[in-house]
Amino acid sequence: MALFRFGRKDKDEPQPEAAAGETAQDSPAPSVPVIVAPASSEPAPSMPASVAPSKPGFLDRLKSGLAKTARVLSTDVRDIFKREGRLVDDSFLEELRAALVKTDMGPAAAEAIVADVRDRLRARVVDPEVVLDSIRTQLLARLKPAEAGITTATTGPTVILVTGVNGSGKTTSIAKLAQVFLRDGKRVVLGAGDTFRAAAVEQLAMWAGRLGAEIVRGEPGCDPASVAHRAVAKAVEGGFDVCIVDTAGRLQTQANLMQELGKIRRVIAKQIPDAPHETLLVIDATAGQNALSQAKGFKEAAGCTGIVLSKLDGSARGGVIVPVAEQFGLPVKFVGVGESADDLEPFRPEDFLAALLEGSFAPAG
C-alpha cells in the first residue's frame, strides 16, 4: 500500500434511522438487481451557487469554519485576564481549565495544558501570549500524530468504505472525497450502499452526475453488500482508480446494522484481499462529545482507519477533534469546511491550530 497526500488544490439533512435489514450470508447476493448508471455523456447540469467552487484559500475557509470554536476559546480565556498580566495560582488554573473544556477538546488535553502552565509558571505573573504558547504546543503534540494521508492500493483500484450516523454529512462528504480524486485526474466509481434511504441514493447519484463520476446503485432496500460487491467488481473490470462505497447511516448502538458493516468488508475483501484500503468515519463537528461514542463504536465494528470531520463550518465544538484523535488513535484524514464540492481538505494540524488560536487573545472590543 501507499500513502497518497493531496495538494492544496456538509451538510446532509438528518434522516430517520435506517430500518435494520435481515441478516444475510457473507457471500454477495448477485440475484439482487443492481443498476449501473454510467456518467452521462451530456454536459453536467449547471451547479447552483451553493456548490460552485469556492475562491477563498483553505486557511481562510478553515478560519471561518472554526470561528465559533475560536470565539468560545477567545472570550473565556481572555476574560481570565481582566487586566494586564495575571498571577498563576489555583484560582487562575481552575478558570483556565473550565475555559478549555468548553471547546470540547476534552479533559485530558485541557489538563495537560493546565499542568504545563502550573509546572512552568506557578506563582508568576503571566501575559496571555504565554498561555497561548502552551495551548499551541500541547495541542500540536496531540494532533500531529493524527496527520496522515490516504492509503492507496499499490496495484488496481483503491477501495474506500465510508460510514457514519444519519445526518453526519456522510453522503456529501463522499461527493467531496470523489471530487478530490477527480481533481487529481483519477477515475472514480461510487457505490450507493445506503439502500434503506432512497433520498441518500438519489443524492449520491445527483452528485455523481455533477462531478462526472460513475455510480452503481441497487433497488431500494436491497442488500448493501451486493451493491458494494458490484461496485468493486466494476472498479476492477473497468480499470477505475478509486471505488468509494457508501453505507447505511446508522447509530453505533444498532448491533445488527454494525454487523452488516462487517459483512460488507468481507464481501469487498473476497475480490481485493487487502481492501477496503480505508474505512473512513464521518463525524459531525457539531456532535461535540457524542463524537467520542461514535468513534468508539465504529472503530470496533467497522475497523475504521480514519476520520472525516464534517460540518466544521458553523460548529462551536471543533475542539472535539483532539480527544477523538488521541483516545482512539484514528488519524484525521480530511476536514469539511463548507458546502461546495471543493470544500474538503486534507487535515493539517498546523493550519488547524492557526485557525483556532489566531486572535484568541486580541483585546475585546
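How many disulfides does a search of the whole structure find? The search finds zero, a disulfide being a pair of cysteine sulfur atoms within 2.5 Å.

The model is predicted: local features need pLDDT of at least 70, side-chain atom pairs count only at pLDDT 80 or more, and totals for chains, interfaces and linings use all residues. Residues are numbered from 1 along each chain as its sequence is written, and side-chain values use heavy atoms, with hydrogens and water left out.

Figure 1. Cys 222 is buried, with a relative accessible area of 6%. Cys 304 is likewise buried, at 7% relative accessibility. Buried denotes under 20% relative accessible area, exposed over 50%, and partly exposed the range in between (1.4 Å probe, protein chains only).

**Figure 2. The largest nonpolar core.** A nonpolar core is a set of buried Ala, Val, Leu, Ile, Met, Phe, Trp, Tyr and Cys residues joined through side-chain atoms within 4.5 Å. The largest one has 58 residues, and those with the most contacts inside it are Phe 92, Leu 96, Leu 100, Leu 139, Ile 321, Val 335 and Phe 352. Helix α4 (residues 107–121) contributes the largest share of this core, six residues. A second, separate core comprises 28 residues, including Val 188, Leu 204, Ala 205 and Leu 280. Helices (H or I, at least four residues) and strands (E, at least two) are DSSP runs, numbered from the N terminus.

**Figure 3. Phe 352 and helix α12.** Helix α12 (residues 349–357) is mostly covered, with seven of its nine residues buried. These are Pro 349, Asp 351, Phe 352, Leu 353, Ala 355, Leu 356 and Leu 357. Phe 352 has a relative accessible area of 1%. Leaving aside neighbours within four places in sequence, Phe 352 is in contact (heavy atoms within 4.5 Å) with Leu 62, Leu 66, Leu 143, Gly 318, Ile 321 and Phe 347.

**Figure 4. The aromatic pair.** Rings of Phe, Tyr and Trp (its six-membered ring) pair if their centres lie within 6.5 Å; planes under 30 degrees apart count as stacked, over 60 as edge-to-face and the rest as tilted. By this rule the count is one aromatic pair. The rings of Phe 347 and Phe 352 have centres 5.7 Å apart and planes at 65 degrees, so the pair is edge-to-face. Phe 347 is buried, with a relative accessible area of 3%.

**Figure 5. Arginine charges over aromatic rings.** A charge sits over a ring if NZ of Lys or CZ of Arg is within 6 Å of the ring centre and within 35 degrees of the ring normal. The charged end of Arg 187 sits over the ring of Phe 240, 4.0 Å from its centre. Arg 210 lies over the face of Trp 207, at 5.7 Å from the ring centre.

**Figure 6. Strands β7 and β8.** Strand β7 (residues 188–192) and β8 pair in the parallel sense over four bridges, where pairing requires that DSSP find at least two bridges between the strands. Gly 191 stands opposite Val 216 in β8. In β8 (residues 214–218), five of five residues are buried. Glu 214, Val 216 and Gly 218 point one way, and Ile 215 and Arg 217 the other way.

**Figure 7. Surroundings of Lys 299.** Lys 299 lies in helix α10 (residues 290–302) and is partly exposed, with a relative accessible area of 35%. Not counting residues up to four places away in sequence, Lys 299 touches Cys 304, Phe 328, Gly 329 and Leu 330.
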